Protein chains: 2
Amino acid sequence: MIVLNGTVHEGRGALFDLGDRGLTLGDGLFETMTVFGGTVYRLGDHLDRMSSGLAVLGFEVPRERIAGDIAALAAHAPRSGAVLRITATRGVGARGLLPPETPAPTLFGALAPYDPAIMGVPVRLAVSPIRRNEHSPLSRLKSLNYLDSVLALAQARKAGADDALLLNTAGRAASAAAANIFRVVGDRLETPPVSEAVLGGIIRGRVLELAASAGLRATERPLSVSDLAEADAVFLTNSVRLVQPVTGIDGDSLPTGSPAVEALMTALLAEVMSETGTDPRG
Amino acid sequence: MIVLNGTVHEGRGALFDLGDRGLTLGDGLFETMTVFGGTVYRLGDHLDRMSSGLAVLGFEVPRERIAGDIAALAAHAPRSGAVLRITATRGVGARGLLPPETPAPTLFGALAPYDPAIMGVPVRLAVSPIRRNEHSPLSRLKSLNYLDSVLALAQARKAGADDALLLNTAGRAASAAAANIFRVVGDRLETPPVSEAVLGGIIRGRVLELAASAGLRATERPLSVSDLAEADAVFLTNSVRLVQPVTGIDGDSLPTGSPAVEALMTALLAEVMSETGTDPRG
């Protein structure tokens, strides 16, 4: 099930202009969100992030248009849960890089099955040789330029790990292939600021907000790989898998079973249930 | 006029799977080439570069398939000239970053008009705040992740310049938004090596090869912005515009009218004419 410029289609095929800059240049952004009981969790946050990201790219898609296409798809989501992705591109353009003066953005989205089994699964990380570029605004956006993360994840899997740990060009921890990273030390919860080549993840934001309720003092600060290796607990966050404990980085094992991490997961699940009226665990 | 998986279509619209990873993740590569008198200039170089780039991405498209789709499009190119772009993606995939184990790549291409007036046009550069990432293999590939260059070019135009000068994260010169950069000092011709976050451009390669015939000794070495500012001449190369003299960088003007640069342009034009039997100047 997809939506393309306001029209819902069965399947994923549609008449598409192959001169669309999303396809030819990666000139666009996307959001991935969950839908439970027909309600998108933290819809406002996703709409806010997409709008502020599009402003960095220099074009606009009316919020109501984005919300409308999300609603059109969400209406078809199973009550038990679905993953919804919405993509905005700068639309078609002439050959070359220069953006059209008056872009006609393309908006499309797709529904995918939600599998509760992937929520909270522990992961082992491998440090990637590919680094995130804090000297590019794209390192803070969910843009269509995801190939670095694709290659980093594929390499990590080949190395026997579950996910990649990407450093920034200064050599400090930025994120996993598609997830933010946190550490817990005592009652402190720390995650790198977005200036470290970090996407301001929606769940990252919720975890920073919910930290106090889990007895943690949250701060954003740069983290080295040693900072992670020496932590009481390390975990990832993203919109689909929520909180994932990290069991090790390269050869080193990390402590698991942190009550603080479990408290955060519990607080997040409670929030999802309260907002959507549905238990994401099925 | 486009070609999609072997079928030529009028216009640019086609039935397309919106789950294609080229569109959703920028998971693909492209080549831009010129066609004169029905013949693609340096076709073998473009096919070689695409194949070696796809190997870095971890999937293959048979060379004969790529050559076949290029030929199908080139057959429709006006004799006076056209720009041909061919794009290979990893094809459709499930939601998420992990590549399918047995990808079914998508191959598509488009013809665009060739305007001889843009060849050799002098340009003024503005140093971009966005930097190219030498810690990513994408900095050496013509991947679908072109948004950094799009934003850098748009910013340069806003600042009143014609093109952007992108540095790498070490602060050394890498390239323009979609062109390689060279400097001439005396009889020396210098350009940064690909390890500096540089695409190994086809015309870049031809210029290094043809340098001796223009009385120049060519070497690859890292270049600072000062190295460029102090040069006898600076120029850009790319497949469509061939050689473009750089008249200035930010506030500084550069010497123009270099006989060496003119000799290189003459040598390139002679090679295009010899290979295609057509004068690209019309």
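Helices (H or I, at least four residues) and strands (E, at least two) are DSSP runs, numbered from the N terminus. This is a predicted model, in which local features need pLDDT of at least 70, side-chain atom pairs count only at pLDDT 80 or more, and totals for chains, interfaces and linings use all residues. Residues are numbered from 1 along each chain as its sequence is written, chains are lettered from A and ligands numbered from 1 in the order in which they are written, and side-chain values use heavy atoms, with hydrogens and water left out.

**Ile130(A), a loop residue**

- Ile130(A) sits in the loop between strand 8 and helix 4 of chain A.
- Its relative accessibility is 2%, so Ile130(A) counts as buried. Buried means under 20% relative accessible area, exposed over 50%, and partly exposed in between (1.4 Å probe, protein chains only).
- Ile130(A) is in contact with residues of chain A and chain B, leaving aside neighbours within four places in sequence. Contact means heavy atoms within 4.5 Å.
- Ala270(A) is 140 residues from Ile130(A) along the chain, and their C-alpha atoms are separated by 36 Å.

**Helix 4 of chain A**

- Helix 4 of chain A covers residues 147-158 and has 12 residues.
- From first C-alpha to last, helix 4 of chain A reaches 16 Å, close to the 16 Å expected at 1.5 Å a residue. The expected span is 1.5 Å times one less than the number of residues.
- Which residues of helix 4 of chain A are buried? They are Leu147(A), Asp148(A), Ser149(A), Val150(A), Leu151(A), Ala152(A), Leu153(A) and Ala156(A).
- The cover over these buried residues includes strand 8 (123-127) and strand 9 (163-167) of chain A. It also includes helix 1 (21-25), strand 4 (28-36) and helix 2 (43-57) of chain B.
- Gly160(A) follows helix 4 of chain A and has a positive phi, near 90 degrees.

- Arg21(B) belongs to helix 1 of chain B. Arg21(B) counts as buried because its relative accessibility is 1%.
- Leaving aside neighbours within four places in sequence, Arg21(B) is in contact with Val150(A) and with residues of chain B, including Asp27(B), Arg90(B), Leu97(B) and Pro100(B).
- Ala112(A) lies in strand 7 (residues 106-113) of chain A. Its relative accessible area is 16%, so Ala112(A) is buried.
- Not counting residues up to four places away in sequence, Ala112(A) touches Ala82(A), Val83(A) and Arg95(B).
- Ala112(A) and Gly248(A) are 136 residues apart in sequence and 30 Å apart in space, C-alpha to C-alpha.

**Helix pairs**

- Two packed helices are described by the angle and the distance between their axes. Axes are lines fitted to C-alpha atoms, for helices over the stretch in contact, and angles run from 0 to 180 degrees between N-to-C directions.
- In chain A, helix 2 (residues 43-57) and helix 3 (residues 63-74) pack at about 135 degrees, with axes 11 Å apart. Helix 2 and helix 3 of chain A are therefore oblique to each other. Angles under 35 degrees count as roughly parallel, over 145 as roughly antiparallel, 65 to 115 as roughly perpendicular and the rest as oblique.
- Helix 2 of chain A passes helix 3 of chain A in a right-handed crossing. A crossing is left-handed if the near helix is turned anticlockwise from the far one by less than a right angle, and right-handed if clockwise.
- Leu43(A), Gly44(A), Leu47(A), Asp48(A), Met50(A) and Leu54(A) of helix 2 meet Arg63(A), Ile66(A), Ala67(A) and Ile70(A) of helix 3. This contact has seven nonpolar, one polar and two charged residues. Ala, Val, Leu, Ile, Met, Phe, Trp, Tyr, Cys and Pro count as nonpolar, Asp, Glu, Lys and Arg as charged, and the others, Gly among them, as polar.
- In chain B, the axes of helix 2 and helix 3 (residues 63-74) come within 11 Å and cross at roughly 135 degrees. That makes helix 2 of chain B oblique to helix 3 of chain B. The crossing is right-handed.
- Helix 5 (residues 202-210) and helix 7 (residues 259-276) of chain B cross at roughly 110 degrees, and their axes come within 10 Å. Helix 5 of chain B is therefore roughly perpendicular to helix 7 of chain B. Their crossing is right-handed.
- Ile203(B), Arg206(B), Val207(B) and Leu210(B) of helix 5 meet Leu264(B), Ala267(B), Leu268(B) and Glu271(B) of helix 7. The contact has six nonpolar, no polar and two charged residues.

**Leucines with positive phi**

- Leu242(A) is not a glycine, yet has a positive phi of about 55 degrees. Leu242(A) lies in strand 15 (residues 242-249) of chain A and counts as buried at 4% relative accessibility.
- Leu242(B) has a positive phi of about 55 degrees. Leu242(B) is in strand 15 (residues 242-249) of chain B and counts as buried at 4% relative accessibility.
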